[in-house]
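Dear colleague,

I am handing over to you the structure shown below. Please look through it first; my notes on what was found in it follow.

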Amino acid sequence: MNAIALSCTDIRVDFDGFTAVDGVDLTLRRGEVHFLIGPNGAGKTTLVDAVTGLVKYTGSVVKDGRELRGKKVHHIARAGVGRTFQTAAVFENLTVAQNLDIAAGAARSPWTLLRRRTSLPAAVADTMERIGLAERAGAAAGTLAHGQKQWLEIGMLLVGDADVLLLDEPIAGMGQAERETTGRLLHDIAAERAVAVVEHDMDFMRANASRVTVLHGGAVLAAGSVDEVSADPKVQEVYLGAAEREEAVDAAAA
Amino acid sequence: MSKFWESRLGVWSGFAAAAAVLFGLAPLLLSGFRLGLFAQFICYAIVAVGIGLAWGRGGMLTLGQGVFFGMGAYLMAMHLKMADAEFRGGPGAVPDFMELAGVRELPAYWVPFASPVFTIAAIVLLPTGLAVLLGLAVFKRRVKGAYFAILSQALAGAFAIFLIGQQSLGGFNGLSYFRYFFGFTLNDPVNQRMLYFITAAALLVVVAASLQLRRSRYGELLVAVRDAEERVRFLGYDAAGVKVVAYAVAALFASIAGALFVPVVGIISPASIGIVPSIMFLLGVAIGGRGTLIGPVVGALAVAFAQTALSEQFPSAWTYAQGLLFVCVIALLPGGIASIPAVAGRIRVKHRPEAVEATT
């Protein structure tokens with residue numbers, strides 16, 4: 001078993017009486033790409049919102065022995081929990097290099113902030129190579145292709161030294177080639193980090209998941225490897241639906 | 001061409017040209033009265049530089065800079081009144097307007113303003129401190145956009161109304177008839193010219209400070225907060241703190257402008273700092289181009305000049321012209337005057353057939 005990076009216990013989120021997340025346990029381990037799947041409204045994104053401090057919840061989120069519940073968004077981010085958004089949130093008017101430089105500098109002193117950037121930090125240059133945007137360093141982020149923006153946003157978490165990455169639909173709107181590149185990128189970054197991916201795309205999940213948690217109605221329906229989850233009759237019934245059942249069985253057999 | 005103005009040489013030559021105009025050309029060409037008027041416009045331009053930073057770079061629509069402008073102005077005016085009274089009646093004397101109102105005892109809060117050092121410290125620290133407190137209260141609660149604009153405008157209105165009610169600050173009439181500025185008689189043309197030079201120098205310093213902030217890592221971070229505040233917070237920054245800094249710097253600039261406005265113009269009253277003047281400050285920035293460094297300066301000078309010129313000819317026409325100008329800029333030129341070269345470039349490309357082919 002890989003080392004635990006983040007453990008969530010009994011997470012519960014209430015929106016004025018509507019329970020969006022209902023007692024979810026989730027453990028993220030280093031070296032794993034952990035997929036969170038489930039139909040719309042299952043509470044996947046809300047769970048990410050809770051862990052990153054955007055919405056209030058009960059329960060407990062512990063990282064490296066520290067309780068994260070009740071901490072402010074930027075303190076949780078500094079503790080090494082990074083997230084992306086469904087629509088890639090990058091700074092469109094700044095260049096790729098500036099985007100990454102900002103992401104790398106949350107711990108900078110006021111004195112450093114008030115001076116000009118004279119050279120790019122090595123971590124920024126390395127990350128640009130890693131996400132395949134080294135040639136676009138001087139381009140405004142707003143001019144990047146859709147997929148490149150998603151990679152840039154992931155790169156911003158890497159350069160900011162996040163070791164738990166929560167990615168919300170990272171391949172939404174991507175073509176096949178971009179999906180494959182993203183899949184390789186996920187495994188590359190998961191080598192020394194814990195990566196959780198919220199996704200709808202089943203093929204992408206099957207190709208890349210080390211572990212899967214299925215959410216339904218705010219609760220965990222099933223958890224385990226791709227095969228275990230695919231074979232689970234509850235999952236087939238509730239989530240995959242009759243049309244996909246056969247396919248799921250095939251996948252389990254493969 | 002824009003690359004040149006970003007280079008070190010470009011920046012220095014820009015400042016050299018501005019200094020040549022401000023310190024050489026303007027005093028040569030303008031009469032004493034016109035030079036005084038120009039100094040007044042420069043005070044507005046100093047406020048505009050701050051708004052350009054907070055609004056253009058930070059996205060905070062500061063509709064209430066009159067508050068900080070007014071604080072700087074009243075703090076300076078109190079010192080000048082105290083200095084006048086001391087010159088006429090010795091230490092502890094009551095300023096003339098209070099005497100006329102029958103006040104025999106100096107209010108306690110006036111006493112420290114006899115000291116020039118205290119006054120200058122207050123001009124620098126009080127508005128900045130207030131902006132930090134306000135900014136923390138507002139931005140930590142993530143009040144932004146139109147809500148922030150309305151809040152700041154209401155503040156300017158409330159501040160003006162508050163001052164009208166303060167008889168110990170001159171009430172509706174404000175404070176006027178200043179004779180001395182740190183020991184120099186104000187009706188001497190030489191000293192008037194010196195005041196102009198101080199104001200012009202202050203403008204250059206403020207523009208230089210703004211340039212440094214824009215080019216620093218902080219400047220990049222401020223733009224990032226403007227465009228995607230959530231993303232910045234999720235990267236581990238306290239986004240509210242980033243905004244507070246720009247807001248406080250804008251307040252400091254406005255306060256400095258107000259403090260210079262008082263000896264230059266010779267009067268400060270609630271009418272110069274309420275809602276309408278606060279919108280005026282903003283108008284110049286919008287027309288000049290809020291996103292650029294010198295756009296706000298050019299816009300503020302142009303609007304103030306247009307107001308004076310029009311008011312001299314047609315006293316009631318200015319309000320309409322102001323509204324028309326605002327509508328035209330918002331509808332046709334959202335980037336302001338400073339964006340004209342870029343817009344012209346785009347139009348030229350559009351109308352050149354070979355350029356269209358080249359882009360396909």
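Which exposed residues does the face of α7(B) turned away from its buried side carry? They are Ala146(B), Ile161(B) and Phe162(B). Please bear in mind throughout that this is a predicted model.

**Helix α7 of chain B**

The helix α7(B) consists of 20 residues. From its first C-alpha to its last, α7(B) reaches 29 Å, which is close to the 28 Å expected at 1.5 Å a residue. Its buried residues are Phe148(B), Ser152(B), Gln153(B), Ala156(B), Phe159(B), Ala160(B) and Leu163(B). When one looks down the axis of α7(B), these buried residues fall within an arc of 130°, and they therefore line one face of the helix. A general point applies here: an α-helix has 3.6 residues a turn, so residues three or four places apart point the same way. The cover over the buried residues of α7(B) includes α4 (66-89), α6 and α12 (275-288) of chain B.

Lys144(B) lies in the loop between α6 (116-139) and α7 (145-164) of chain B. How is the exposure of Lys144(B) classed? Lys144(B) counts as partly exposed because 16 C-beta neighbours lie inside 10 Å, whereas a buried residue would need 20 or more and an exposed one 12 or fewer. Between Lys144(B) and Gln192(B) there are 48 residues of separation in sequence and 42 Å in space, taken from C-alpha to C-alpha.

**The sheet in chain A**

Chain A holds an open sheet of four strands in the order β2-β1-β4-β5, with antiparallel pairing. Its edge strands are β2 (18-29) and β5 (66-67) of chain A, each of which pairs on one side only. Nine bridges join β1 (residues 4-15) of chain A to β2(A), again in the antiparallel sense. Phe15(A) has Phe18(A) in β2(A) as its bridge partner.

**Where the two chains meet**

The contact between the chains involves 18 residues of chain B and 25 residues of chain A. On the side of chain B that touches chain A, α9 (217-227) and α10 (229-233) of chain B each supply at least two residues. The most comes from α9(B), which gives seven residues to that side. By class, the side of chain B that touches chain A comprises eight nonpolar, two polar and eight charged residues.

Yours sincerely

Methods
Residues numbered from 1 in each chain as written. Chains lettered and ligands numbered in written order. Predicted model: local features only at pLDDT ≥ 70, side-chain atom pairs only at ≥ 80, totals over all residues. Expected span 1.5 Å × (residues − 1). Arc of directions from axis to C-beta. Contact = placed C-beta atoms within 7 Å. Pairing = 2+ DSSP bridges. Nonpolar A, V, L, I, M, F, W, Y, C, P; charged D, E, K, R; others polar.
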